[in-house]
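Trainee: Hi! Could you walk me through this one?
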Amino acid sequence: MISYGKQTITQSDIDSVIEVLKSDWLTQGPAVELFENNLKTYFEAEHCCAVSNGTAALHLTGLALGWQAGDIVITSPITFLSSVNCIVYAGATPDFVDIDPVSYTIDSNQLEEKVKAYREEGKNVKAIIGVDFAGHPCEWKALRQIADRYELQLVNDNCHALGAEYFGNKQYAVKYADVVIQSYHPVKHITTGEGGAVLTNNLEIDSKVRCLRTHGMTKDLRQIEKNSSPWYYEMHTLGYNYRITDFQCALGSSQLMKLDQFVKKRCEIAIRYNEEFEGNQLLIIPNVSSTVSHAFHLYPLQIDFQKISLNKIDLFREFEKLNIKLQVHYIPVHTQPYYMEKFDFQWGDYPIAEEYYEKVISLPMYPSLSTSDIEYIVEKINAFE
Ligand SMILES: *Cc1c(COP(=O)(O)O)cnc(C)c1O
């Protein structure tokens, strides 16, 4: 079965994990700090805290940024549930702005209008979470301007875009956003099995995230005023166990060395798909803005189902029979029953996102996808009429 995403693990990855398994530290050891340092170097971040998964990274980000009841945090409806759930974890109120029809990322013009309207009503808009959907960076310059103009916190859910470029810069994420979060789930660009990280240039945010990662406790003597006994620790805030293990981090460091190579392979596959689909009037290939280099976590292909004989469900069944497991990224989050019931969102609220959802499928996209598999997929897609 060919799936939409898959990890690429080589012998050097396996060797680096085995080395840690034979060492003294399975967790809270030196491989964690080494991975954090490697991430800091690659993404040019002053601080990095590796955690158990991307969702944990988002959760701790919201807490470290002080989101609370009455705060409004705005994101895109075309994202994974976690980008929105983290707002609710903090007790804040989620809201959305529709996607830009070209980049499929949050529409910065509509965003500014929404923020302005909220401010005029005296409501407390606190933060924006931009999602670099599919591997296409958001319009970060515009988002930064809006964040500065209205004094908002700016978060980058960067899970899809490791290795992407914005104005020729691979280190754009930390440059524009106050906090950047990543995931290293096996379908993402690099993997640690489960894993994630919070990257930032802000020391205070990093310290808070670090403390929350381990139960909210601190052993930092500068923070402990009264007692200096060696066994002493103090808890000032309610934290979690969101740690990542040393063997996961060893895998992460080994994978990170191959990130550029993985992204290059993904781009080659995308070019191949583009060439094959460009002439097909029934299809819309993913747009790429001239200011970015896409990292192709996903290859979202839009199909005009009005014009072909199959509907989307039938197409999925057909492909399943052909041993190709397609996916859809994503069901717009505002249409999830939880969000409709609890926050009163409705179908029709974000028409561009909804139309995109009607049409889009994710084709298989991962570095080890073979040329013959690509040809097979292309042939089956182009056979629709
Ligand atoms: C994968 C992903 C997450 C969550 O990461 P996990 O490591 O699976 O918890 C959050 N946001 C986006 C956009 C993702 O793709």
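This is a predicted model: local features need pLDDT of at least 70, side-chain atom pairs count only at pLDDT 80 or more; totals for chains, interfaces and linings use all residues.

Trainee: Great. What's the strand order in the open sheet?
Mentor: Its seven strands run β1-β8-β7-β5-β4-β2-β3, with mixed pairing. Strands are DSSP E runs of at least two residues, helices H or I runs of at least four, numbered from the N terminus; two strands pair if DSSP finds at least two bridges between them.

Trainee: And which are the edge strands?
Mentor: β1 (47-51) and β3 (93-96), as each pairs on one side only.

Trainee: How many bridges join β2 to β3?
Mentor: Four, and the two strands run parallel. T75 stands opposite F96 in β3.

Trainee: Switching topic: where is L26 found?
Mentor: In the loop between α1 (11-21) and α2 (30-43).

Trainee: Why does L26 count as partly exposed?
Mentor: Because its relative accessibility is 42%; buried means under 20% relative accessible area, exposed over 50%, and partly exposed in between, with a 1.4 Å probe and protein chains only.

Trainee: Which strands does helix α8 lie across?
Mentor: Helix α8 (residues 203-213) lies across β1, β7 (179-183) and β8 (196-200), where contact means heavy atoms within 4.5 Å.

Conventions
Residues are numbered from 1 along each chain as its sequence is written. Side-chain values use heavy atoms; hydrogens and water are left out. Axes are lines fitted to C-alpha atoms, for helices over the stretch in contact, and angles run from 0 to 180 degrees between N-to-C directions.
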